[in-house]
Amino acid sequence: EYSHPGDNIPPILAVAQHVGSNGKDLVRAIATGYEIQVNLVKAICLHKHKIDHVAHLGPSAAAGIGTLLGLDVETIFQSVGQALHTTTATRQSRKGEISTWKAHAPAFAGKMAVEAADRAMRGQTSPVPIYEGEDGVIAWMLDGPDASYEVPLPLPGEAKRAILDTYTKEHSAEYQAQAW
């Protein structure tokens, strides 16, 4: 499955700079972003449904921002739902004539994650349940209303380790091109 979990860093870092967070809080928030995105990728294949991979980025960045700001579970839940709802798009930006949107999609997802966290902090709610609802993402964009996905997340108090399942690329190209 396609994913660029490093795309969590810019929106989380922007919020950290804005609120004057320390390095420890920033690293913890980035680890949360990676944890959510990597585990969503492990559990939910967007590529086979022609959904752009930034649909995992919006929720993961929102969760990372929520961690950074020390938000309560309900507020993070609402921001994750809003981020998913506003960042789910087709893969057409990566097909045919490649548009400039391909380059902007991760930044847009990060921007929407920041806005989703801000709205949730102000009491705005998201469509619930956004994944499992009768007109939710699973029913209409993924494997249908009878589908079930299990996202592996650490238990409370358990270390976030998904970042260890990621790799950095030496060159700005797909992994298949790295050998060249």
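Colleague: What kind of model is it, and how are residues numbered?
Modeller: This is a predicted model, where local features need pLDDT of at least 70, side-chain atom pairs count only at pLDDT 80 or more, and totals for chains, interfaces and linings use all residues. Residues are numbered from 1 along each chain as its sequence is written, and side-chain values use heavy atoms, with hydrogens and water left out.

Colleague: How many residues does the largest nonpolar core have?
Modeller: It has 32 residues. A nonpolar core is a set of buried Ala, Val, Leu, Ile, Met, Phe, Trp, Tyr and Cys residues joined through side-chain atoms within 4.5 Å. Buried means under 20% relative accessible area, exposed means over 50%, and partly exposed is in between (1.4 Å probe, protein chains only). The residues with the most contacts inside this core are Ile12, Ile44, Leu46, Ile65, Tyr131, Val137 and Leu142.

Colleague: Which elements give two or more residues to this core?
Modeller: Helices H1 (9-19), H2 (23-43), H3 (54-69), H4 (73-87), H5 (101-121) and H6 (137-141) do. H2 gives the most, with seven residues. Helices (H or I, at least four residues) and strands (E, at least two) are DSSP runs, numbered from the N terminus.

Colleague: Why would such residues sit together?
Modeller: In soluble globular proteins, nonpolar side chains tend to be buried together.

Colleague: Take Ile12. What is it in contact with?
Modeller: Leaving aside neighbours within four places in sequence, Ile12 is in contact with Leu26, Ala29, Ile30, Ala61, Gly64, Ile65 and Leu68. Contact means heavy atoms within 4.5 Å.

Colleague: New topic. How many cavities of 30 Å³ or more are there?
Modeller: The count comes to one. About 60 Å³ of space lies in the largest cavity. On a 1 Å grid over the protein atoms alone, a cavity is a set of points where a 1.4 Å probe fits but cannot get out, and lining residues have an atom within 4 Å of a point. Grid points are joined across faces, edges and corners, and a volume is the space filled by probe spheres set on the points.

Colleague: Which residues line the largest cavity?
Modeller: The lining is Ile44, Leu46, Ile51, Ala55, His56, Leu84, Thr88, Tyr131, Val137, Met141 and Leu142. H3 and H6 are the elements that give two or more residues to this lining.

Colleague: And by class?
Modeller: Nine of the lining residues are nonpolar, two are polar and none are charged. Here Ala, Val, Leu, Ile, Met, Phe, Trp, Tyr, Cys and Pro count as nonpolar, Asp, Glu, Lys and Arg as charged, and the others, Gly among them, as polar.

Colleague: How many salt bridges are there?
Modeller: The count is six. A salt bridge is a side-chain nitrogen of Lys or Arg within 4 Å of a carboxyl oxygen of Asp or Glu. One of them joins Asp52 and Arg91, with the closest N and O atoms 3.8 Å apart. Asp52 lies in the loop between H2 and H3 and Arg91 in the loop between H4 and H5, so the pair ties together parts that are 39 residues apart in sequence.

Colleague: Are Asp52 and Arg91 buried or exposed?
Modeller: Both are buried.

Colleague: Which residues are linked in a network of salt bridges?
Modeller: Lys111, Glu115 and Arg119 are. Lys111 pairs with Glu115, the closest N and O atoms being 2.8 Å apart. Arg119 also forms a salt bridge with Glu115, at 3.5 Å. Lys111 and Glu115 are four residues apart in helix H5, so about one helical turn separates them. Arg119 and Glu115 are also four residues apart in H5.

Colleague: How accessible is Arg119?
Modeller: Arg119 counts as buried, at 19% relative accessibility. Lys111 is partly exposed at 44%, and Glu115 is partly exposed at 28%.

Colleague: Which peptide bond is cis?
Modeller: The bond from Val128 to Pro129 is cis, with omega near -10 degrees. Pro129 is in the loop between H5 and H6.

Colleague: Last one. What is the phi of Lys50?
Modeller: Lys50 has a positive phi of about 60 degrees, although it is not a glycine. Lys50 lies in the loop between H2 and H3, and is partly exposed with a relative accessible area of 48%.

How values were computed:
On a 1 Å grid over the protein atoms alone, a cavity is a set of points where a 1.4 Å probe fits but cannot get out, and a pocket is an open set with protein on both sides within 12 Å along at least five of seven lines; lining residues have an atom within 4 Å of a point.
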